[in-house]
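Here is a short briefing for a first look at this chain. Keep the sequence and the 3D view side by side while reading.

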Amino acid sequence: LATALQDIPEADRDALLLLAWADLDYEQIGQALDIPLGTVRSRIHRARRRLRAYLDSGDVATDHPNEA
């Protein structure tokens, strides 16, 4: 997930992280980033789409080095 997040443009990533980890709603994200609500929606949509594409691509490591 960290690798996928690095590939998302910073503005889109910021909006997504405020939604997912800071638990802000779209309006609060807009206020925090000083952007219109429509821009918040667009950024989160793009970020989710990129994450979904990354996870569906099979580029995700399936082995877990800490597991026996």
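In this predicted model, Ala11, Asp12, Ala15, Leu16 and Leu19 of H2 meet Arg43, Ile44, Arg46, Ala47, Arg48 and Leu51 of H4. Contact here means heavy atoms within 4.5 Å. Local features need pLDDT of at least 70, side-chain atom pairs count only at pLDDT 80 or more, and totals for chains, interfaces and linings use all residues. Residues are numbered from 1 along each chain as its sequence is written, and side-chain values use heavy atoms, with hydrogens and water left out.

**H2 against H4**
- The axes of H2 and H4 come within 8 Å and cross at roughly 90°.
- That makes the two helices, H2 and H4, roughly perpendicular.
- Axes are lines fitted to C-alpha atoms, for helices over the stretch in contact, and angles run from 0 to 180 degrees between N-to-C directions.
- Angles under 35 degrees count as roughly parallel, over 145 as roughly antiparallel, 65 to 115 as roughly perpendicular and the rest as oblique.
- The contact of H2 with H4 holds 7 nonpolar, no polar and 4 charged residues.
- Ala, Val, Leu, Ile, Met, Phe, Trp, Tyr, Cys and Pro count as nonpolar, Asp, Glu, Lys and Arg as charged, and the others, Gly among them, as polar.

**Two aspartates**
- Aspartate 12 lies in helix H2.
- With 5% relative accessibility, aspartate 12 counts as buried.
- Buried means under 20% relative accessible area, exposed over 50%, and partly exposed in between (1.4 Å probe, protein chains only).
- Not counting residues up to four places away in sequence, aspartate 12 touches Arg43, Arg46 and Ala47.
- Aspartate 23 sits in the loop between H2 and H3.
- Aspartate 23 counts as exposed, at 65% relative accessibility.
- Leu18 and Gln28 touch aspartate 23, again leaving out residues up to four places away in sequence.

**H3 against H4**
- Helix H3 (residues 26-33) and helix H4 (residues 37-56) have axes that come within 9 Å and cross at roughly 105°.
- H3 and H4 are therefore roughly perpendicular to each other.
- From H3, Tyr26, Glu27, Ile29, Gly30 and Leu33 meet Leu37, Val40, Arg41, Arg43, Ile44 and Arg48 in H4.
- By class, this contact of H3 with H4 has 6 nonpolar, 1 polar and 4 charged residues.
- Glycine 30, in helix H3, is buried at 8% relative accessibility.
- Beyond its neighbours within four places in sequence, glycine 30 is in contact with Ile35 and Val40.
- Valine 40 touches Tyr26, Ile29, Gly30 and Ile35, not counting residues up to four places away in sequence.

**The core**
- The largest nonpolar core has 13 residues.
- Such a core is a set of buried Ala, Val, Leu, Ile, Met, Phe, Trp, Tyr and Cys residues joined through side-chain atoms within 4.5 Å.
- Those with the most contacts inside the core are Leu5, Ile8, Leu16, Ile29, Val40, Ile44 and Leu51.
- Helix H1 (2-6), helix H2 (10-20) and H4 each give two or more residues to this core.
- H4 supplies the largest share, 5 residues.

**The whole chain**
- The chain has 4 helices and 0 strands.
- Helices (H or I, at least four residues) and strands (E, at least two) are DSSP runs, numbered from the N terminus.
- Of the 68 residues in the chain, 24% are buried.
- Among contacts with a separation of 6 or more, 45% join residues 24 or more positions apart.
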